[in-house]
Amino acid sequence: MAGAETEVKDPLPLKRFVYPFPKADTSTADAPKAVEVTDPQHYFLALSNASDGFYPIGNNAQWHGGIHFDKQTGVTLLQSAGIRCIADGEVIAYRIDNRYPKTDYHCGQAPYSSGFVLVRHRLQLPPAPAATTAPTTSGSSAAPPLREPSLVIYSLYMHLLDWVGYQADAKLPRPKFWGDSDTQRVVGGKATDPDPIVKVKGANVRQNGSGSVRIGWLEPGTRVTVEAGTGQWRKIVSIDLGAMRPDSTQKAGQEAPNGWVFIKELDRVDDTHYTVGSKAVDTNPYPSAEESSRKGLNVRRGNSGNTPLIGWLPPGTKITMETGTGAWRKVARIDSGRMTPVLPAQATADASLGWVYFKELDPAPTEPAQCDTVYIPPTPVAIKAGELIGHLGEYKRYLDTHPMSETCTRERPLSHLEIFGSADVPTFIVQSRARAAQLEAKQKTLLKIDAKAKLVHPSVADQTIAVNEGLAVVGTLPKEGTWVQVRRGQFATVARTALSGYQSATNTYADGSILFGAVKQDGSSELAVEAFNALSSDAKQQYPNRKVLRLSGDPLWVERTALGGQSTVMATRSIPAWSAFPLRTGNAQAPEAAYLRVLPIKLLKQTTEADGTRWWEVDIGTANGGTYSGWAREKDHPQVSLCSPWDWPGFEQVRPDDATPSALYARRITQQRQAQPAEEAAMRAEGRQAESGQLFTKLYEMIDTIKDGQLTAEELRQALRKPWLAQSLSRLIIEHDSEWGLPMARWNELDEKMPPSDKPDWEQEKQRIARLRWWDQVRGKHGFPESIRVHHFHPIGIIANFSTRETMPPWLKYAWEEYEKYKGIKETDEPLASAIRAYHNTTNMAGSDSSDPWCASFVNWCMEKANYANSNPIPARAYNWKSDAWPEGETHGTGKGKPYIGAIVVFNFSHVAFIIGKTSTGRIVALGGNQGNYYINVTTVGASAVVEYLKPVGFLVPPEYEDLPVIDDVNSEMSYENTR
């Protein structure tokens, strides 16, 4: 085990959280698909079905600082691919059982996993909007940027698969952190180089000298001893190194069993010793079928395919390369297999094993550094959110070994997930809430509904749109919203010549009339605008009249479903309408919310008032345990507000000092009426210490809805099935001693309370507890806390809170959405062709199509969707996005700026796009429109082509955005998730 390093370096700030498993889309029963979870209630429902392992009190009534995933949770969570790291961080310790240990209970053996992985993460506050960097004077050095307050937290993954389990399934994915997957590779399916033994030059062996039958062939590098003499043909005395490939149809003579060689084609060592080397001229006449077909990897003298070939790696060879980013990498060592030398070329002194082409190597299956002991990497190993931690292990309990138990013969897959932080958690939360108060409104992504809040229902409609009346949307038709603002009007048929000033982008004339259709002179036929536009010029002459809608009166509100997706319609039925927006906070009505509710607004049904004020449809929990639905307004709504994840909304800190193993055991025994009469009073008194402490007081307040003073596993299950109770439970931050470091003396305190019949099994259980402990081996290493007193978080609570954080600029989300919709579709094909017209309509190129360049219009559309419009009067050209032309924009940094995820980048070949990453060779990876033969796609561009990296004025680029992901495989499966 490695010792602690002399300098503890914090991990980089984490960029995102993910749930430990995706959910299973079982719409295709034989091939369930992985779908990312967005609603935490999906997890709470899954956890409510777990057999045990609830937070913060387990089935055994003892403290439990994490949550369990087992066979029951696997019904709705896709657990077969393994448990994922919940956030970016660093692996600082792990243990993997070679084979599961077993506990010998009196009724049978119970295998269990003691394997774990410990990851540390750093949660860093976003910069305050007021923070600015003063310009430096000429000749002075820039001051280092201020580091924002941060919190180091740890995620723990217990009870993982043993090494035997991995070995039994060669296809089972293995964690990358076991080995350096960036430098360890194996010659596999990507290798393309034929075995050089087919073409390399060696030396023929003859039966009896010149002109006689060939009986074999010496491989390059073979060393031989020959008889002394002066002739050019010599009899081979012995083959000292290497081998001869024999001819299967010929035999050597009795006087020369090793045959004869032509020494002029061998490299001389001395008069009787020669080597098959640079002078050899005979091609291998006996390649095997395998050698003729197999593909391996050439080894070159230098970092180029133009340098001499010095060797060849056969299939299956495992190598370690020196760290690098280029296409060619230096071989540091050969871990398994051997290199076939290709003479006469020799390696250089500084690359004795040569260079290989990285892209033709496969990742090597990684292996754990050690088994059955806690391993601390000398340097923490970086791991990203979503990367594999391991697979569920086996964990059988005492009851699983009992002959009468339903679970006696079944396997019991299980993993435990836990998140905790050390003593600075309270201080950080105070700092975080103070910073949240400084953040911009756009960073408030959560809707908080406090207890006592009342929701709103729509008022009764006070207007009616009559049949055959027309209505038209005010402005543009929004993509979402229950109600839409419209104006009503009457239809009229008029001659085209009586109308003027037609605007194709809005289908309006100068007098405000809206074009609805074209009509023949006799009125016998009417065509909608789209159908009329599709006619030939001659056919259009038959429709000289226009049907137009003439609006009147003040705007009204109608349900958007009444429009059928159109901006202008004729009512075919009576349509209820409202003269004022249907939702008003003055209409808030009982019942009140009985519990705090925090919801990410991106998951809620939204509608918008005329001035842009938003409402969301939500549900709350009432005092009688029921659910009530209604609408909440983003402002001026009592007990309702928007907040940021950095507000830690609803999180409460609890310190249950009296919840010791002994007190919790006493509480359980007395509640279950199992105490002996002589000990009942003492047990009840001790149990009451835990019962009256902060933890149970809070749990009873939240969960004990029937007020019976009990707290059972079934009540915890039922609480998880109610969103508001599950959320409240998941936001308890509990300061408690970790069970993974609790001294065994604390468990020994239970000895005297155990009935005599249970003591043998209890002694076995304590051996299991001792084996599971790991804290003592890790304390102080890589900055890990010395004290076992830490602050525990419910994993789903903290993930749900921070997974709502923006992990990319808002405009980039719209770009990715368009990419997902239109990837692989050419600009002239639908539906992309129509989308391009919509992009152009946000610029002065309104009415244009894909025949006009549209890269800048695509950027403008995305930026406008995110409320970062370019007011430049002609933003339809790439150079209109330069800092000297974009009034609301600026470079990110000095000069041409520096890249970040989502940066608007202008290239010198008159192109504009968004940055999403970089290649290992330093090229820029860009997502944009009108790229690569006229698609919305991802492509790479040399950094030298960049004119500027830009951002909107006032947009603060989080430091983690500047850490561009390395993307070398640009393909059709690209998405935001797989570029991180």
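# Cavities, sheets and a helix pair

The largest cavity in this predicted model has a volume of about 60 Å³.

Colleague: How many cavities of 30 Å³ or more does a search of the whole structure find?

Modeller: Rolling a probe the size of a water molecule over the atoms shows where empty space is left. With the cut-off set at 30 Å³ or more, the search of the whole structure gives a count of three.

Colleague: Which strands each supply at least two residues of the lining of the largest cavity?

Modeller: The lining of the largest cavity has 13 residues, and those nearest its centre are Arg 95, Ile 96, Val 117, Leu 160 and Trp 178. By class, the lining divides into eleven nonpolar, one polar and one charged. The strands that each supply at least two of its residues are E5 (89-95), E8 (116-124) and E29 (388-390).

Colleague: What is the volume of the second largest cavity?

Modeller: The residues lining the second largest cavity are Leu 47, Gly 53, Phe 54, Tyr 55, Ile 67, Leu 720, Leu 729 and His 794. They divide into six nonpolar, two polar and no charged. The volume of this second largest cavity is about 50 Å³.

Colleague: Is the peptide bond from Tyr 55 to Pro 56 cis or trans?

Modeller: Tyr 55 is one of the residues lining the second largest cavity. Pro 56 is placed in the loop between helix H1 (40-48) and strand E3 (67-70). Omega for the bond from Tyr 55 to Pro 56 is near 5°, and the bond is cis.

Colleague: In which loop does Pro 831 lie?

Modeller: Pro 831 is joined to Glu 830 by a cis peptide bond, with omega about 5°. The loop that holds Pro 831 is the one between helix H16 (810-822) and H17.

Colleague: Are H17 and H18 roughly parallel or roughly perpendicular to each other?

Modeller: Helix H17 (residues 832-840) packs with helix H18 (residues 855-865) at an angle of about 75°, and their axes are 8 Å apart. Angles of 65 to 115 degrees count as roughly perpendicular. H17 and H18 are therefore roughly perpendicular.

Colleague: Which residues in H18 do Ala 838, Tyr 839 and His 840 meet?

Modeller: The contact brings together three named residues in H17, Ala 838, Tyr 839 and His 840, with residues in H18. The residues of this contact divide into four nonpolar, two polar and no charged. On the H18 side they are Ser 857, Phe 858 and Trp 861.

Colleague: Which strands stand at the edges of the open sheet of six strands?

Modeller: The order of this sheet is E51-E56-E52-E53-E54-E55, with antiparallel pairing. A strand at the edge has a single partner strand, so one side of it is left without a neighbour in the sheet. The edge strands are E51 (889-891) and E55 (935-941).

Colleague: How many residues lie between E23 and E24 in their hairpin?

Modeller: Strand E23 (residues 318-321) and strand E24 (residues 328-336) pair in the antiparallel sense over four bridges. In this pairing Thr 320 stands opposite Arg 333 in E24. The number of residues between the two strands of the hairpin is six.

Note on methods:
Residues are numbered from 1 along each chain as its sequence is written. This is a predicted model: local features need pLDDT of at least 70, side-chain atom pairs count only at pLDDT 80 or more; totals for chains, interfaces and linings use all residues. Side-chain values use heavy atoms; hydrogens and water are left out. Axes are lines fitted to C-alpha atoms, for helices over the stretch in contact, and angles run from 0 to 180 degrees between N-to-C directions. Angles under 35 degrees count as roughly parallel, over 145 as roughly antiparallel, 65 to 115 as roughly perpendicular and the rest as oblique. Contact means heavy atoms within 4.5 Å. Ala, Val, Leu, Ile, Met, Phe, Trp, Tyr, Cys and Pro count as nonpolar, Asp, Glu, Lys and Arg as charged, and the others, Gly among them, as polar. On a 1 Å grid over the protein atoms alone, a cavity is a set of points where a 1.4 Å probe fits but cannot get out, and a pocket is an open set with protein on both sides within 12 Å along at least five of seven lines; lining residues have an atom within 4 Å of a point. Grid points are joined across faces, edges and corners, and a volume is the space filled by probe spheres set on the points. Two strands pair if DSSP finds at least two bridges between them.
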